[in-house]
Amino acid sequence: MVEQALSDVMVVDLTWHIAGPYCTKLLADYGAEVIKVEKPGQGDPARRMGPFLGDIPDPEKSGVFLHLNTNKKGITLNLKSATGQKMFKDLVRNADIVVESFRPGVMARLGLDYESLNEIKPQLMMTSISNFGQTGPYRDFKATEIVEYAMGGEMYSTGIAGREPLKLGGNVVQYQAGTVAAVATMGAFIGARYQDISQHVDVSIMETQAGTIDRRMVFLLGYAYGGVLTNRWPPPRESVKMMFLPAGVYPCKDGFVNVLSLPHWWPRYIEALGVPELREDRFQNLYNMELTEEFDAIWYSWLADHTKDEVFEIFRRHQLAAAPVSTPMDVLANAHLKDRQYFQEIEHPVAGRLVYPGVPFNMSETPAQDRRPAPLLGEHNEEIYSKILGYKEDDLIRLKERGVI
Amino acid sequence: MPRLPLEGIRIVAMPVVLAGPFAVMLLGDLGAEVILVESILHFPPITRGALPRPPQFIVPTTGETSGGATGGLTTYVNHEAGERPWDRFSLFNAGGRNKLSCCIDLTRPEGLDVFRRLIKVSDVFMESYAAGVLEKLGLTYDTIREVKPDIIYLSMPGLGGTGCHKDATMFGAQLQALAGHTWLTRYPDLDYTTTQSQLFHCDASSGATAAFGILCALHYRNRTGKGQYIDLAQIETLIPHLGEAVMDYTMNQRVQHPMGNRHPSMTPHGVYRCRGEDRWVAISVSSDEEWEGLCRAIGNPTWAKEERFCDALSRWRNQDELDRLIEDWTSQHDHYEVMHILQREGVPAGPVMDQRDAYHDAQLISRGFFEVVSHREAGTHLYPGMLWKMPKTPMSIRRPPPCLGEHNDYVFRDVLGMSEDEVAELEKENIIGGDTYLV
């Protein structure tokens, strides 16, 4: 088996829902041994989140859980029992990294805070992911995707004027927090491994939004630089445009395309659209907004004659930027992604053979291995507890009877 | 003072627009020495401005958003482009911290020679140009590896380094359309042409994922001595962030449709108008417990006891009416007030914050999120800061965003040990050095 980038890293994973599991999924997909610790009998709440295979709610058939937990091993452990806490500490003794996403203060109440764990494992690196961080007045506040986007993100300027601010589709705020947490975890881990500085990393989902570049961060600096408060634009977009070149989402023959233009691309537009009129002198001043109506008449009628794939193809050939507004079905059928063999099939003992999103980058020296499916609840109890912690088979039965595992 | 985790790691970077700069910013925050290689002869559009010297009428003025797809991202300090617009541009400066800048013309052999000398003393090279650009310059992984065998080389074009559409011109807006994110983000009652999202999640996902990739490769190199090439397609970092929609399709062949601010199971779930001009609060209720908390918070009105809201399913079915009733209450209060009242009762709620709210927000202030930065051309301002806390090796904005070519001297004289004569000769030909665009 080819070595993977993180093959020598062992992670104990106490995360659930989306953000934490996506962080540990990234670690696991690149080779780390990730041991996911779940509550006996219940497991990660994501097991109860839809969509489910065949729309049948089943803890082993949740699409989001299956997606977020590939390549991890799963054990069950009752952290509220003293025995469970002792076993957890035994596990930590063998680990390099602990990632947790309990509400702030829970780990301390369980006697499993960073200070306690660091005592038994001096080189331990621990990451805590929470809504607002481990400190501050909102520390104990509750939040969800829409609340985090409202507070940390740029929801205020998402949508159109006169309407309510709009959430981004899906749970991308949670995923982004998980991705940033993976950067924080690996960064701090490198410090722990090579400079002997082990520490507790505190990731606030709100700050991963406020500090992310396409979001708050640039807009915040815009406010600091010039008092600019971004808001939702009134439709039509022409009212806020500075040049008549296309920018935004437009209807075409069979759907919509997203187009962006730079001023120096005008000659390419003339070629791509193939409308002789656009060569006339008056169209050469892109900033003359009085031409908008005339240009749009040409542009919209050209779009009406072309499908979204045709627009993409013509723009690609002319080095212009346009992309179809793709449905999930289009994404799965995308020729380019197929060419790159991006999507992967994974066989799962209960959910069967399914297509999953692939790894987000390819490493030449340490390519991703065939992927393992998400663990069944407690699937690796025997392996982990026996092999790593040295428990005997009859010990495991006793622990199970007492509800510890 | 303990060393930051990446102290001693040198990264040569040619990032453009948003995603690439974000990736190396995160590594700079962790202590790496990030050296941007720029050029006074080639202006990378958007990265340091739409144009090197924008006419005043395309510079947005106070209180307005600018036009075009780059929208509110493109603010100049005090709305003045000034003598050196490229050093005063919000989009570059927001992600510019903890980086150095030197200028080398990579289209001439002498420039390439200097660049290779820099690679020789570096650990990582990363670039975020369109696919093929570095190849044209002769700077592929294979040629770079000849100079520095254990180099880590990351490329992150929109669609990656292979595949039948790899040459397509793609920005975040196009990638999010192609990945299916635009499809999922809109008002259910309006079509896509009015969506106008200026928020390109693809830049967020690919920047952070690229930083993670480089860290994985660094760890591998540290223990094996081997470098490698990382091919990152930005779109492939965004698709996993849409896992629910992808899996629903692969499991059930169902195409998920946009729900606006609603949720497949939670009710109430959305934003509600508050007192004041265009003020909103986000509220979501995921359990009966939280519903009871919400009822208590708003004074247990009689309507809350009615049959149509008696359980989670009824509330989901009757959410239009429910939303109106909740808004009757929220609209009497300030958005922050609603958050505090509801959070006291254990209900997830928070204000939809504009930039002014963020700068005054108790949580961000208490955690020291904003940092004062003085910049030679931009002046002194509060900048958004670190994305996480690492108490034993606290991260901070150690350096302001670099002005174009600000660290020419450091790179050419100190890092590369070039002689005064050599520097002078190459500078004369504009092969290295300079701090002003000649285009």
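Me: What share of the contacts in chain A between residues at least 6 apart in sequence join residues at least 24 apart?

Reply: Two residues are in contact if their C-beta atoms, placed from the backbone, lie within 7 Å. In chain A the share is 69%. This is a predicted model, in which local features need pLDDT of at least 70 and side-chain atom pairs count only at pLDDT 80 or more, while totals for chains, interfaces and linings use all residues. Residues are numbered from 1 along each chain as its sequence is written, and chains are lettered from A and ligands numbered from 1 in the order in which they are written.

Me: How many helices and strands does chain A have?

Reply: Helices (H or I, at least four residues) and strands (E, at least two) are DSSP runs, numbered from the N terminus. Chain A has 16 helices and twelve strands.

Me: What is the strand order in the open sheet of three strands?

Reply: Strands of a sheet pair through backbone hydrogen bonds, either parallel or antiparallel. Here the order is β7-β8-β9 in chain A, and the pairing is antiparallel; two strands pair if DSSP finds at least two bridges between them.

Me: Why is one side of β7 and of β9 of chain A left without a neighbour in the sheet?

Reply: β7 (248-252) and β9 (321-324) of chain A each have a single partner strand, so they stand at the edges.

Me: Over how many bridges do β8 and β9 of chain A pair?

Reply: β8(A), residues 255-260, pairs with β9(A) over four bridges. Within β9(A), Ala322(A) stands opposite Val259(A).
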